[in-house]
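The following paragraphs lead the reader through selected features of a model, with the criteria behind each term.

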Amino acid sequence: MEAVPRMPMIWLDLKEAGEFAFNPAVKKSAVNVPRDFEGCSTLRKYFGQLHYLQSRIPMGAEQEAAVPIAWTEIFSGKTVTHEDIKYEQACVLYNLGALHSMLGAMDKRVSEECAAGAFTYLRDHFPHSYSVDMSHQILNLNINLMLGQAQECLLEKSMLDNRKSFLVARISAQVVDYYKEACRALENSETASLLGKIQKDWKKLVQMKIYYFAAVAHLHMGKQAEEQQKFGERVIYFQSALDKLNEAIKLAKGQPETVQEALRFTMDVIGGKYNSAKKDNDFIYHEAVPALDTLQSVKGAPLVKALPVNPTDPAVTGPDIFAKLVPMAAHEASSLYSEEKAKLLRDVMAKIEAKNEVLDQFMDSMQLDPETVDNLDMYSHIPPILMEKCAALSVRPDTVKNLVQSMQVLSGVFTDVEASLKEIRDLLEEDEAQERKLQELLGKVPGPQGSPPPPSPGLAEVSKECSKYMEVHEKASFTNTELHKAMNLHISNLRLLSGPLEQVRAALPSPSLTEDDKQVLQNLKRILAKVQEMRDQRTSLEQQLREMIQKDDITTSLVTTDRSEMKKLFEEQLKKYDQIKVYLEQNLAAQETVLKALTDANVKYAAVRKVLAEVEHKWNTTVQTLVASYEAYEDLMKKSQEGKDFYTDLEGKAAKLLEKARAACQAAEANRQQILEK
């Protein structure tokens, strides 16, 4: 796999700057940067100096020195203006992340972690209301895309370095995890509406990569099983890798040639591995092949991280050109308070993420979709594909009649051939019997082992041709029987589709639930709604906390506070977060109770679920069978016509042979009469 062609990366456009009453030369050099690492360095320096500036001069929202700042919003192309220097910082930071993503996609592949770091800092330290391209959802999407691509780069290097198979599998599994998070964001209706057309392109590529890197993970799990001489496990892992790669190939339609080349290369590797492993196990090792779900799942190894952004690092930003404008003590104290807020947010988010992980794993194991948990609506109408077939047959009323007539004609010709060949056999047997009697009268001894006397040359030729026709007839007879079986099966279905729609609907299976069953369903749906309510409340509280932290600026208080009182001031200021922390703790604590209730409801739902699954399977099978009957009509008519043509030809040949047999038998009988007279 170390020579596999590289997959393309997703990169982001840079925002365009508009009005900002700042030194034009500085502004121009800071926003129109070259698309290289020197451009990244310029953006970092400008971002850092803006940070120094905003900590000294009141240029924030609704402050005395605030001026209009305009940038183009990427998705709509509209100009968005805010009188807040933090908006300038946010846009510059966004461009830093976008430029790193661009460099990462341009085959440098060392820049994705920097991009993730820029977007993470932007998400955690700036308001999300400036413009939709910097909303919380979009930034989370960008972060997961960049981390996924960074992990993908690490995977490439690990394969080139021939690292251990299990480690490569875990690295690849983590690529899948990051891309799954990105895919969830892309599937969010709000995110999709913001991204527009690009959402479909990104989603197709990300979905394809999820299956592709899942295949790579299971390929290397299979290689590890091979190293451990677990040959049954090796087969199932390679089989799973092949299945996932086939899914990736289906999703890769329309992707560039580089993707197709990578998929073809990987298919050669995995296909070869699977075929070899299966052959070896079938003929040499004979190990039982376990079910994939009985094996331990591959846990991702996150070996990349969002590289932190430090706006006050002099090695990055250069010397503070505004150092003399504001006391550094106030600035340092503000930074310390920001770190206290960041620590508070990290602690809360660690608890939220831990609970969310448990919740996600629990819900994944339950496989309960609130939208389709009872799927009863599908049974109240005929599916569109079946309606389409019914409509097509309604304008072709002779469909069944034509098929029946075709069957009857074919049966008639078949019967005629059967009768002709039987009469020929009877003539030949009668002639043989008469010849045997003659020989006995003449006192001649029968041939070796009691065999009958040889027939006349004319009858021998007839017998030979009859045998040939019988062989052809017997072979065709099996095909003819199968064709009639298929016709009989499809005719009943075609009659149903040609009839009233109520009969079609009645022919489709539907579940019969008791009142208790319905109560179980309602209870389950109610608890699933509670789960969603808990999720939504948690997300809302998290968003409120982030907004509170972003708006919490105590710089004015810090300027007038003695250094010895700073710690006390911090403690007092942080108390404003106590109430929302209590709400979050209550939400997190409620999760255990809700999931226990869901577990109990799911146990009661198991029997109903089985019934619904069985009925749905029967329903789908019935629909597929009816559709197949419609689609088989033209093929049956064609095969019926071919059968008629075949048997018409064979009938003509059999009729001629019958005449020939009669003549030959008459000649043989006349010859016997002459012998008797002599």
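**Surface patches and a helical span**

E565 is partly exposed, at a relative accessible area of 36%; buried means under 20%, exposed over 50%, and partly exposed in between (1.4 Å probe, protein chains only). The model is predicted, so local features need pLDDT of at least 70 and side-chain atom pairs pLDDT 80 or more, while totals for chains, interfaces and linings use all residues. Residues are numbered from 1 along each chain as its sequence is written, and side-chain values use heavy atoms, without hydrogens and water.

E565 sits in the loop between α18 (555–559) and α19 (566–574). Helices are DSSP runs (H or I, at least four residues), numbered from the N terminus. Together with E340, E571 and E572, E565 makes up a patch of negative charge on the surface. Patch members have over 30% relative accessible area and no salt bridge; like charges are joined within 9 Å, and nonpolar side chains (Val, Leu, Ile, Met, Phe, Trp, Tyr) within 5 Å. A salt bridge places a side-chain nitrogen of Lys or Arg within 4 Å of a carboxyl oxygen of Asp or Glu.

A nonpolar surface patch comprises L441, L442, I675 and L676, with about 370 Å² of accessible area together (Shrake-Rupley method, 1.4 Å probe). L676 belongs to helix α20 (residues 578–677) and is partly exposed, at 44% relative accessibility.

Helix α20 also contains A655, which is partly exposed at 36%. A655 and D416 are 239 residues apart in sequence, yet their C-alpha atoms lie 9.2 Å apart in space.

UniProt, in an unreviewed entry, lists residues 414–444 and 524–551 as "coiled-coil region"; such annotations may be inferred rather than shown by experiment. In the model, residues 524–551 are 100% helix and 0% strand, with end C-alpha atoms 41 Å apart; strands are DSSP runs of E, at least two residues.

Definitions and conventions. Lys, Arg positive; Asp, Glu negative; His and termini not counted. Charge placed at Lys NZ, Arg CZ, Asp CG, Glu CD.
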